[in-house]
Amino acid sequence: MGSRYERYDVVVVGARCAGAPLAALLARQGLEVCLVEKGEPASGTPSTHIFEADALAFLDSLGVLDELRATGAPLIARADARVGDLRWPATWPVRPGDPGGVMSVRRFRLDPVLAGAAQQAGAALLTRTAVTDLVRAEDGRVTGVRVSSATGGEETGRGGERVLRARLVVGADGRASTVARLAGARSYHVTPNQFALFWGYFADAEIGEPTFAFHRWADRVVLGLPTDDGLYQVQVGVDPARLRAFRAGLPGSLLEYARACEPVAKALAGARLVGEPHGMTHWKGYFREPAGPGWALVGDAGHFKDPTAGRGIGDAFLQAARLAETVTGHLGADAAELDEALRRWGAWRDAEFVEPYWFAAGIGSLAPLPAVLPEVLRGMRRAGVADSLFDMVNHRAMPSDIVTGPRLLAAVGRLLARGRVGVLREVARLAADDRRRRALDRHPRYEADSPRHEMS
Ligand SMILES: Cc1cc2nc3c(=O)[nH]c(=O)nc-3n(C[C@H](O)[C@H](O)[C@H](O)COP(=O)(O)OP(=O)(O)OC[C@H]3O[C@@H](n4cnc5c(N)ncnc54)[C@H](O)[C@@H]3O)c2cc1C
């Protein structure tokens, strides 16, 4: 009928931050892996691309760090942080053996390096090939995928249609995951964005000592840092109430927002914008049911959070690494054992990322920053431990390790002593949010619809 059957141990759908490293790790363990990508990794994807110490350590272990450094992207060891009215220079926390603190490499450069690692490890990479359906056994278990190749022709069978059979199908196919939809994975903890996000690149910036500027104050979020090829990347959050004017004023409005942040203004003094600014105005954060009989979701396919926190890439690596261990440990077992191992992997995913998820939603929230948070950081700064805030961005500390009960109480006490009004109301609101989220953890509210995302 023009379809051909091929057998693999694992089919991974999507060849970017989650899928490509997963395929590399599995292939290195001797598994037969097919990595299916409907586009081309080198075409890039609409996303900024900041990643931190844990991600750098992972990329180093994957053996691709030299290739990434060859793009000209520096390893960044310094941060210039502002939270509310507190601003401080910081040293990015790293562990012994970490190659660096922060790096930013544009996706059209990063993603092909990851896909290349998968190929070098022995995975088959099919580009311009889309998964169109799941193949199931009589009992409903997923046993493969149906793909359609844009290139068609001899290699792919008549009409470019074929079936790839596998013991496991992993959807690493991003926010609009086909695998999630076809598997019927429901979303939960669904949270619409508040700030819109715009970003652009500047040549001839005054970079000096490579520094990651992260400023969140009033109704503003501005990030600036050097990226590959000698460019300086700027990212701003825009209140939807100002979106129409912001868009109409582009590219000047991007520059105006950026210049409100002192270190970014300094870097941009003699700089010029390269290309058009990019933007994303609507998205939803979510978790999706992570796995079922014969299938699993990794990276954005299973979980997306507010991008302002800069954690999607590093989290995709963490998930891929853990999933690779699970799969290599249990793929040879019977189906029930594999399913149980994947269920445990999914439980780990939720436990591991739920706190950072709500934290990211908070960073991206339009609500005024509660005054206790900068005050907690002020106390930490006096104790010489404020830089550990960034260990949270390294996914090596949880928000609850930073905003601890004793620190919160001490901050409230100091604010009350200074006669600050409304503090107790703020803390009560934080506590209520926390209770609501814990209740959602216990009883998730499921949604069947695919979250909506809009680029600008
Ligand atoms: C505006 C924005 C800014 C961001 N900024 C940052 C940041 O600074 N730092 C950070 O860490 N994270 C950031 N993120 C998050 C980050 O982009 C994602 O977390 C990351 O890309 C997840 O990688 P992934 O491999 O799971 O998915 P993706 O990168 O989305 O890759 C999925 C792949 O699957 C392919 N695919 C889809 N459907 C099919 C199909 N049917 N068949 C075959 N292939 C298919 C797609 O073509 C795509 O290549 C940002 C996200 C956005 C939207």
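These questions and answers go through strands, helices and cores of a predicted model.

Student: Is strand S1 (residues 5–13) mostly covered or uncovered, and how many of its residues are buried?
Tutor: Buried here means under 20% relative accessible area. Strand S1 has nine residues and is mostly covered. The number of its residues that are buried is seven.

Student: Which residue is the bridge partner of arginine 7 in S10?
Tutor: S1 runs parallel to strand S10 (residues 161–171), and eight bridges join the two. In S10, the partner of arginine 7 is arginine 165.

Student: Which residues have the most contacts inside the largest nonpolar core?
Tutor: This core has 58 residues. H11 gives the most to it, with nine residues. The residues with the most contacts inside the core are Val10, Leu22 and Phe51.

Student: Which residues is leucine 22 in contact with, leaving aside its neighbours within four places in sequence?
Tutor: Contact means heavy atoms within 4.5 Å. With the sequence neighbours set aside, the contacts of leucine 22 are Val12, Val170, Val298, Ala320, Leu323 and Ala324.

Student: How many residues are in the second, separate core?
Tutor: Its members include Val102, Leu223, Leu225 and Val376. The size of this second core is 30 residues.

Student: Which residues form the covered face of strand S5 (residues 86–91)?
Tutor: In a regular strand the side chains alternate between the two faces of the sheet. In S5 the uncovered face holds Arg87, Pro89 and Thr91. The covered face is made of Leu86, Trp88 and Ala90.

Student: Which glycine in the hairpin of S4 and S5 takes a positive phi near 60°?
Tutor: Strand S4 (residues 78–83) and S5 pair in the antiparallel sense over six bridges. Valine 83 has leucine 86 as its bridge partner in S5. Two residues lie between the strands of this hairpin, and the one with a positive phi near 60° is glycine 84.

Student: Which elements do the buried residues of H12 pack against?
Tutor: The buried residues of H12 are Val372, Pro374, Glu375, Val376, Leu377 and Met380. They pack against S4, S5, helix H13 (389–393), helix H14 (399–402), H15 and H16.

Student: How far apart are the end C-alpha atoms of helix H16 (residues 423–442)?
Tutor: H16 has 20 residues, and at 1.5 Å a residue it should span 28 Å. The computed distance agrees with this: the end C-alpha atoms are apart by 29 Å.

Student: How wide is the arc that the buried residues of H16 cover around the axis?
Tutor: The buried residues of H16 are Val423, Glu426, Val427 and Leu440. They lie on the same side of H16, because the arc they cover is only 145°.

Student: Which exposed residues does H16 carry on the face turned away from its buried side?
Tutor: The buried residues of H16 pack against strand S11 (187–192), helix H11 (335–363), helix H12 (372–382) and helix H15 (405–417). The face turned away from that side carries Leu424, Arg425, Arg435 and Arg442.

Methods:
Residues numbered from 1 in each chain as written. Predicted model: local features only at pLDDT ≥ 70, side-chain atom pairs only at ≥ 80, totals over all residues. Heavy atoms only, no water. Buried < 20%, exposed > 50% of the residue type's maximum accessible area, 1.4 Å probe, protein only. Helix = DSSP H or I, 4+ residues; strand = E, 2+ residues; numbered from the N terminus. Pairing = 2+ DSSP bridges. Expected span 1.5 Å × (residues − 1). Arc of directions from axis to C-beta. Core = buried A, V, L, I, M, F, W, Y, C linked by side-chain atoms within 4.5 Å.
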